[in-house]
Amino acid sequence: MVRQFAFILVCLFLHSSVSAQVKKSYFGKYVGTIAAYEMSAGASERIQISIAAIEIQLSAKEIVVVIGTKTNKGTWTLVSENKTNFVIEGKMDNTAATERILIYKKGKKIVREGIRPQPDVMLKKKRKS
């Protein structure tokens, strides 16, 4: 009886760790544009931030985020998965902020949750050329 229970636990653990993987087909380069936005620079001063190109490259365990001319690299971990998407978080090398990315299982697109006050942005997977 104890052996059967242990076997069931091992099977459940292996199933959850195998199914909680982002497939290779979701890796690649995604491109988009961050919309213009405003941010507060004090009590009454507002700064206008203009639109910027964004590119996110996902590989097996690395994430590279390029916004304009600034590049930031890091590693990512899977936070959750459901029927329609994966949620990953990237721990970037030179900053305390994390990148939170929603990977849609259909449609070859991702959403990057903007770091406040930056807006969220949808990026589309770029075909290999």
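**Exercise 1.** How do the residues of the lining of the second largest pocket divide into nonpolar, polar and charged?

*Solution.* The model is predicted, local features need pLDDT of at least 70, side-chain atom pairs count only at pLDDT 80 or more, and totals for chains, interfaces and linings use all residues. Residues are numbered from 1 along each chain as its sequence is written, and side-chain values use heavy atoms, without hydrogens and water.

Step 1. A pocket is an open set of points on a 1 Å grid over the protein atoms alone where a 1.4 Å probe fits, with protein on both sides within 12 Å along at least five of seven lines; lining residues have an atom within 4 Å of a point.

Step 2. The lining comprises Lys24, Phe27, Gly28, Lys108, Lys125, Lys126, Arg127 and Lys128.

Step 3. Asp, Glu, Lys and Arg count as charged, Ala, Val, Leu, Ile, Met, Phe, Trp, Tyr, Cys and Pro as nonpolar, and the others, Gly among them, as polar. The division is therefore one nonpolar, one polar and six charged.

**Exercise 2.** Identify the strand that supplies the largest share of the lining of the largest pocket.

*Solution.* Step 1. Strands are DSSP runs (E, at least two residues), numbered from the N terminus. At least two lining residues come from each of β5 (62–67), β6 (70–81) and β8 (98–104).

Step 2. The largest share, three residues, belongs to β6.

**Exercise 3.** Describe how β5 and β6 are paired.

*Solution.* Step 1. Two strands pair if DSSP finds at least two bridges between them. Six bridges join β5 to β6, and the two run antiparallel.

Step 2. Within this pairing, Ile63 faces Gly74 of β6.

Step 3. Both strands belong to a closed barrel of eight strands, β1-β4-β5-β6-β7-β8-β9-β10.

How values were computed: Helix = DSSP H or I, 4+ residues; strand = E, 2+ residues; numbered from the N terminus.
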